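Open the model in your viewer and keep the selection panel at hand. The tour goes stop by stop.

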2 protein chains.
Amino acid sequence: MVRKKVKLAFMENSAERKVSYRKRRKGFLTKARELNTLCDVELATLVNNPYHNEPELFPNHEAATGMFTKFIDLLEEKK
Amino acid sequence: MVRKKVKLAFMENSAERKVSYRKRRKGFLTKARELNTLCDVELATLVNNPYHNEPELFPNHEAATGMFTKFIDLLEEKK
DNA sequence: CAGCCTATCATTAGAGC
DNA sequence: CGCTCTAATGATAGGCT
């Protein structure tokens with residue numbers, strides 16, 4: 001099995017891209033969870049799933065929304 | 001060299017935790033960039049750096065702020 | 001199209017400076 | 001403290017079902 005080295009560029013093939021998306025989204029969320037748990041880092045992510053309407057949030061809808069709101073509010077205060 | 005297997009739990013040792021934080025934050029942002037570029041996925045992250053006051057944003061301050069604001073606004077509209 | 005498999009490449013814990 | 005090195009674990013491309 002010959003495996004191509006990954007280059008950082010848009011994957012033209014839509015089928016491969018979708019498979020890669022599924023795998024990488026999982027890996028990405030795992031990294032987020034590890035950073036959060038192992039290192040006690042508060043973090044939130046917003047992923048606009050290109051195959052569904054609803055965006056995916058980490059750590060969950062409520063926590064991420066709270067963090068985003070708090071962040072935006074702090075920015076407003078600084079103005 | 002004997003390496004402990006990583007368990008998904010808070011790292012008690014603060015020096016080790018800080019080193020791990022630096023390494024994992026870098027890895028996490030790399031994964032974010034890969035998911036974004038390879039799969040054409042729009043995503044934003046907010047990482048509250050425990051060692052500094054300013055949170056770190058991906059892909060950058062402006063884009064992430066824009067995505068968060070848009071997301072919050074959409075939530076408000078749905079109410 | 002979505003899982004499973006596994007060879008292969010990528011990340012990182014631990015060590016040394 | 002923060003960098004480099006590398007063994008060892010972890011992620012995933014391509015193949016298959």
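At what angle do helix H1 of chain A and helix H1 of chain B pack, and how far apart are their axes? This is a predicted model.

**Stop 1: the two H1 helices**

Select residues 14-39 in chain A and residues 14-39 in chain B. These two helices pack at an angle of about 160°, and their axes are 9 Å apart. Angles over 145 degrees count as roughly antiparallel. H1(A) and H1(B) are therefore roughly antiparallel to each other. Their crossing is left-handed.

Now show side chains. From H1(A), the contact includes Arg17(A), Tyr21(A), Phe28(A), Leu35(A) and Cys39(A). From H1(B), the residues include Arg17(B), Tyr21(B), Phe28(B), Leu35(B) and Cys39(B). Colour the contact residues of H1(A) and H1(B) by class: twelve are nonpolar, two polar and ten charged.

**Stop 2: Phe28(A)**

Stay in helix H1 of chain A and centre on Phe28(A). Is Phe28(A) buried or exposed? Its relative accessible area is 1%, so Phe28(A) is buried.

**Stop 3: the Phe68 pair**

Next, the aromatic rings. How many aromatic pairs are there over all chains? The count comes to six. Select Phe68(A) and Phe68(B): the ring centres are 3.9 Å apart and the planes lie at 15°, so this pair is stacked. Phe68(A) sits in helix H2 (residues 61-78) of chain A and Phe68(B) in helix H2 (residues 61-78) of chain B, so the pair joins two chains. Phe68(A) is buried, at 0% relative accessible area. Phe68(B) also counts as buried, at 0%.

Together with Phe68(A) and Phe68(B), they form one aromatic cluster.

**Stop 4: a pair within chain B**

Move to Tyr21(B) and Tyr51(B). This aromatic pair is tilted, with 5.4 Å centre to centre and 50° between the planes. Tyr21(B) belongs to helix H1 of chain B, while Tyr51(B) lies in the loop between strand S1 (42-48) and strand S2 (56-58), so the pair ties together parts 30 residues apart in sequence. Switch to a surface view. Tyr21(B) counts as buried at 3% relative accessibility, whereas Tyr51(B) is partly exposed at 32%.

Methods
Residues numbered from 1 in each chain as written. Chains lettered and ligands numbered in written order. Predicted model: local features only at pLDDT ≥ 70, side-chain atom pairs only at ≥ 80, totals over all residues. Heavy atoms only, no water. Axes fitted to C-alpha atoms, helices over the stretch in contact; angles between N-to-C directions. Helix = DSSP H or I, 4+ residues; strand = E, 2+ residues; numbered from the N terminus. Parallel < 35°, antiparallel > 145°, perpendicular 65-115°, else oblique. Left-handed = near helix turned anticlockwise from the far one by under 90°. Contact = heavy atoms within 4.5 Å. Nonpolar A, V, L, I, M, F, W, Y, C, P; charged D, E, K, R; others polar. Phe/Tyr/Trp six-rings, centres within 6.5 Å; stacked < 30°, edge-to-face > 60°. Buried < 20%, exposed > 50% of the residue type's maximum accessible area, 1.4 Å probe, protein only.
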